[in-house]
Amino acid sequence: MGWHLTCEKLLNVKTPKRVDYLRIIIMELARISDHLICNSVVVLTRVAYTGFLYVMHTGELIYEIYEEICGITVNDNIWVALVVERNFTNAAFEKLEKFLAEYPAC
């Protein structure tokens, strides 16, 4: 993301708000899934397999959103400078709403 923002700033290009919002959604999903995976592995090393499975279920919801948007589950390969390569489908928004409904509030 830093590379893309740098290119856009050097070229003096202003991206549409929709592109900014879609990028933030993907970045936040990546951050949440990273924290879930790292913390679940720590729990797993403490021989708490149930906690690992509970957290991985939530991670799977994020992977389903990735798969809907990118066509692949573990790599959010939609980054292209100046644009978002793939638009979110209605199914992706439905899965995102499902994730937000099931994810525990802080």
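What is shown is a predicted model. Of its 106 residues, 29% count as buried.

Next, switch to a cartoon view. The protein contains 4 helices and 2 strands, and, followed from the N terminus, the elements run α-α-α-β-β-α. If contacts between residues at least 6 apart in sequence are considered, 63% of them join residues at least 24 apart.

Now select residues 17-45, which form helix H2, together with residues 49-70, which form helix H3. How do the axes of these two helices cross? They come within 9 Å of each other and cross at roughly 155°. Since angles over 145 degrees count as roughly antiparallel, H2 and H3 are therefore roughly antiparallel to each other. Their crossing is left-handed.

Show the side chains at this contact. On H2, select Ile26, Leu29, Ala30, Ile32, Ser33, Leu36, Ile37, Ser40, Val41, Val43 and Leu44. On H3, the partners to select are Tyr49, Gly51, Phe52, Val55, Met56, Thr58, Gly59, Ile62, Tyr63, Ile65, Tyr66 and Ile69.

Finally, colour this selection by residue class. How many of the residues in the contact of H2 with H3 are nonpolar, polar or charged? The contact comprises 18 nonpolar and 5 polar residues, and no charged ones.

Note on methods: Residues are numbered from 1 along each chain as its sequence is written. This is a predicted model: local features need pLDDT of at least 70, side-chain atom pairs count only at pLDDT 80 or more; totals for chains, interfaces and linings use all residues. Side-chain values use heavy atoms; hydrogens and water are left out. Axes are lines fitted to C-alpha atoms, for helices over the stretch in contact, and angles run from 0 to 180 degrees between N-to-C directions. Angles under 35 degrees count as roughly parallel, over 145 as roughly antiparallel, 65 to 115 as roughly perpendicular and the rest as oblique. A crossing is left-handed if the near helix is turned anticlockwise from the far one by less than a right angle, and right-handed if clockwise. Contact means heavy atoms within 4.5 Å. Ala, Val, Leu, Ile, Met, Phe, Trp, Tyr, Cys and Pro count as nonpolar, Asp, Glu, Lys and Arg as charged, and the others, Gly among them, as polar. Buried means under 20% relative accessible area, exposed over 50%, partly exposed in between (1.4 Å probe, protein chains only).
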